[in-house]
Amino acid sequence: MRTLLVAGPGGAGRTTVAVSTVRRAVRDGLRVLLVTGDEVPDVPGAETKRLIPAEEFRDDLLALQDRAGGVLDMVGAARLDADELTPLPGSTELALLRALRDSAGGPHDLVVVDLPAGPDAVSVLALPEQLRRYLRRLLPAERQAARALRPVLGRLAGVPMPAEWLYETAARWDAELAAAQSVIDADGTAVRLVAEPTKAAAESLRLTRTGLALHGLPVEAVLANRVLPDGSTDPWLADAAAHQRKIVAGWPDAHEIPHLGCDADAGLDVPAPGEAAPRAEWPVEDRIAEDGVLVWRIPLPGAVREELTLIRRGDELVVGAGPFRRIVPLPSAPRRCTVAGAGLVDGELCVRFAPDPGLWPRTP
């Protein structure tokens, strides 16, 4: 199974491109599932999963309330009724992650996912890794080994210890997030970017590409939507078309989708889903003999030097690129080093590490 994540700035026709991609895949004989939060026309031969965050949020919260019923009753809390629950911020993102989780192992050859607009798409795709890290820090799995000691520890400390249901809930959440993350990290998963050739959309596209690279997600194609034709006798249209061409020229290997005028976004001629590009590697280059350092190369196409931040936290490196941030574990060799500097060269962040004499093996 392959997963094609469709992302791009708001108003660029992203959802319509996702539907057109499904139509193209069905014509090519693929079994396709479309995941979207919008109302879209049915595509004969394809299955559509419509996200309804309000219903899923209500079901999840009621289930959690039932599992914590003993604690709630002990403190005299009033139970919430189903008809008084409304979705909170983030419920849409969690519904999308659940749909990704459920798509794994299904009967489909291709799953097309209509992501949120702009850089928000990157934030959604980064959620499983981030939330699983939070769970590991707040409720470490190794502490579950001391279950039998919790009542004793509680009496000694004078405070109640976490209840069994809390650890069980955390373990279930971690398993569900891991399933969604496995789809996002799979070799058959890639991103199809859609943008209208405008200055604002070009900046949003740049940020999105950088964020995707930070999280190791490959771009399958860049689609320039609503491109005006050349050769118009209307001066305004000719100037607008020239401006679009200049922007598209800066997008590597962009596929142009012509503007359809009054039938805008109807029957778009999109390319067939391509094979997912290989995941970019983050190699560590040994330059100790030449320069006395190791260099960790992190590809970040579209990154701007002024938008980058780096923080060393023990055996982790916090990498910030514009509005995005990712905490990654250091490879084994750089863990025994100190950070000696960093630079951005040709879309690649190069972090230099100098061996720590107290931790680095000495040469006889």
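In what order do the seven strands of the open sheet run? The order is β3-β2-β4-β1-β5-β6-β7, and the pairing is parallel. Strands here are DSSP runs of E with at least two residues, helices are runs of H or I with at least four, and both are numbered from the N terminus. Two strands count as paired if DSSP finds at least two bridges between them.

Before going on, a word on ground rules. This is a predicted model, where local features need pLDDT of at least 70 and side-chain atom pairs count only at pLDDT 80 or more, while totals for chains, interfaces and linings use all residues. Residues are numbered from 1 along each chain as its sequence is written, and side-chain values use heavy atoms, with hydrogens and water left out.

Now the helices. α1 lies across β1 (2–8), β2, β3, β4, β5 (189–195), β6 (219–227) and β7, at about 175° to β4. α8 lies across β5 and β6, at about 170° to β5. Contact means heavy atoms within 4.5 Å.

Thr15 sits in α1 (residues 14–27). It is buried, at 16% relative accessible area; buried means under 20%, exposed over 50%, and partly exposed in between, using a 1.4 Å probe and protein chains only. The Thr15 side chain makes polar contacts with the side chains of Asp38, at 3.0 Å, and Asp114, at 2.7 Å. A polar contact is a pair of N or O atoms within 3.5 Å; within protein, one must be able to donate a hydrogen and the other to accept it, and residues adjacent in sequence count only if both atoms are side-chain atoms. Leaving aside residues up to four places away in sequence, Thr15 touches Thr36, Asp38, Val40 and Asp114.

Finally, the nonpolar cores: sets of buried Ala, Val, Leu, Ile, Met, Phe, Trp, Tyr and Cys residues joined through side-chain atoms within 4.5 Å. The largest has 54 residues, and Leu100, Trp251 and Leu300 are among those with the most contacts inside it. Helix α8 (residues 199–214) supplies the largest share of this core, seven residues. Apart from it lies another core of 19 residues, including Val17, Val32 and Leu110.

Note on methods. Axes are lines fitted to C-alpha atoms, for helices over the stretch in contact, and angles run from 0 to 180 degrees between N-to-C directions.
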